[in-house]
Amino acid sequence: MVLELYLDLNSQPCRSVYIFAKKNNIPFDFQKISLLDGEQYGEEFGKISLIRKAPALRDGDFCLAESVAILHYLAEKFNTPDFWFPVDLHQRARVNEYLSWQHMALRMHGSKIFWLRLLIPKILGVDVPQDKMDAALDDLKHSLNLLEEKFIQDKPFIVGDQISLADLVAIVEVMQPLGSGLDVFEDRPKLSAWRDRVEAAIGKELFDDAHQTILTAQERVSAMDASKMQVFKPKIVSLFL
Ligand SMILES: N[C@@H](CCC(=O)N[C@@H](CS)C(=O)NCC(=O)O)C(=O)O
C-alpha cells in the first residue's frame, strides 16, 4: 500500500511536506483534506490523526502527525540527499534550531496575519480592530527580521550553501501572508534574494504548483459561504481576539 499524505495546500506545513515528497520523488497518495470545509473534524480523519490537524501521514498501519516529524520520517525512510537534514553535528543542529524556533515565531505570526486579514473578516463579517492588526504586523516584522538577521545572515541558505529542511519550512510560512494580499518581500532585498534561491533549489514549477492555492486564496475565500465556516468561530475568539 502506497504511503498516504493528508494535505490541504492552503496550509503551510502541508506545503512543506508536499514539496519535500515531490522534490525527492517519494511515491505517495495525495489524500486531500479540506480544512476550511471542516473535514479534519470528521470521523474518517479522526482515525488518521486525533490531533485533527493537517498534514498527516499513513504508511501501512503507521500514522503520524506533525509536519516536522513527517519530514524527518520521509527523509529517513527514503534516504533523501544529506543536505536536507545533514548528518554533520553542527549543520543538523542549525536545522533543528530553526525548526524549533519557527512554531511560536514566524509560523504563528504569519498565520495570524492570514487569519486577521482574510478569514476573520469573512467569518465574523467585521474587520479586525486596527490595534490588533498593528500588533500582529509588528510581531510578523520582528520574526522576519530574525529570519534575516539570525538565520539567513549572509549565507545563501539557513545552514550554508545548500537548501535544507529549515529553508523549506521557512519559505512556506513566509509565503502565507501573501495569500491575504500582504507583500512581505517589499523593502526586504535579503529576504527576496533568499526566496529566489529557495525557489530555484526547489524548482519553479513545483514551487508554483505548491503555492498556487494560497496565492489565489483571496478570490476563493470571497466566494465561500461564511455560514458554513462558523465552526471556526470559537477558535477565532480564543486564539486571535
Ligand atoms: N504543528 C503542526 C501544525 C499543524 C496545523 O496547525 N495545521 C493546521 C493548518 S496550517 C490545521 O490543520 N488546522 C485545522 C484546525 O485547526 O482545525 C504541524 O507542523 O504539522
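User: How should I read the packing of α4 and α5, and at what angle do their axes cross?
Analyst: Two packed helices are described by the angle between their axes and the distance between the axes. In this predicted model, the axes of α4 and helix α5 (residues 130-152) come within 9 Å. They cross at roughly 145°. The crossing of α4 and α5 is left-handed.

User: Which residues of α4 and α5 meet?
Analyst: From α4, take Tyr-98, Ala-105, Leu-106, His-109, Gly-110, Lys-112, Ile-113 and Leu-116. They meet Lys-132, Met-133, Ala-136, Leu-137, Asp-139, Leu-140, Ser-143, Leu-146, Leu-147 and Phe-151 in α5. By class, this contact of α4 with α5 holds twelve nonpolar, three polar and three charged residues.

User: Now α4 and α6. How many degrees is their packing angle?
Analyst: About 5°, with the axes of α4 and helix α6 (residues 165-175) 9 Å apart. Angles under 35 degrees count as roughly parallel. α4 and α6 are therefore roughly parallel to each other.

User: Which residues make the contact of α4 and α6?
Analyst: α4 contributes Arg-94, Val-95, Tyr-98, Leu-99, Gln-102, Leu-106, Arg-107 and Gly-110. α6 contributes Leu-165, Ala-166, Val-169, Ala-170, Glu-173 and Val-174. The contact of α4 with α6 divides into nine nonpolar, two polar and three charged residues.

User: Which residues form the contact of α4 and α10?
Analyst: On α4, they are Lys-112, Trp-115, Leu-116, Ile-120, Ile-123 and Leu-124. On α10, they are Lys-233, Ile-236 and Phe-240. By class, the contact of α4 with α10 has seven nonpolar, no polar and two charged residues.

User: Step back to the whole chain. Into which domains is it divided?
Analyst: Domain 1 covers 4-80, and domain 2 covers 84-240. Their centres, taken over C-alpha atoms, are separated by 19 Å. To read the interface, count the residues on each side. Here 17 residues of domain 1 are in contact with 20 residues of domain 2.

User: Which helix gives the most to the side of domain 1 that touches domain 2?
Analyst: α1, with eight residues. α1 and α3 each supply at least two residues of that side. The side of domain 1 that touches domain 2 divides into eight nonpolar, six polar and three charged residues.

User: Next, the ligand. Which residues are around it?
Analyst: Read the shell as a list, then ask which elements supply it. The list is Ser-11, Gln-12, Pro-13, Leu-35, Gln-40, Lys-53, Ala-54, Pro-55, Glu-66, Ser-67 and Val-68. α1 (12-23) and α3 (67-77) each supply at least two residues of the shell around the ligand. The shell divides into five nonpolar, four polar and two charged residues.

User: Which two residues does a cis peptide bond join?
Analyst: Ala-54 and Pro-55, with omega about 10°. Pro-55 is in the loop between α2 (43-48) and β3 (56-59). Ala-54 and Pro-55 are also among the residues around the ligand.

User: One more backbone feature. What is the phi of Asn-79?
Analyst: Asn-79 has a positive phi of about 45° although it is not a glycine. Where does Asn-79 lie? In the loop between α3 and α4.

Definitions and conventions
Residues numbered from 1 in each chain as written. Predicted model: local features only at pLDDT ≥ 70, side-chain atom pairs only at ≥ 80, totals over all residues. Near = placed C-beta within 6 Å. Helix = DSSP H or I, 4+ residues; strand = E, 2+ residues; numbered from the N terminus. Nonpolar A, V, L, I, M, F, W, Y, C, P; charged D, E, K, R; others polar. Domains from an automatic or database assignment. Contact = placed C-beta atoms within 7 Å. Axes fitted to C-alpha atoms, helices over the stretch in contact; angles between N-to-C directions. Left-handed = near helix turned anticlockwise from the far one by under 90°. Parallel < 35°, antiparallel > 145°, perpendicular 65-115°, else oblique.
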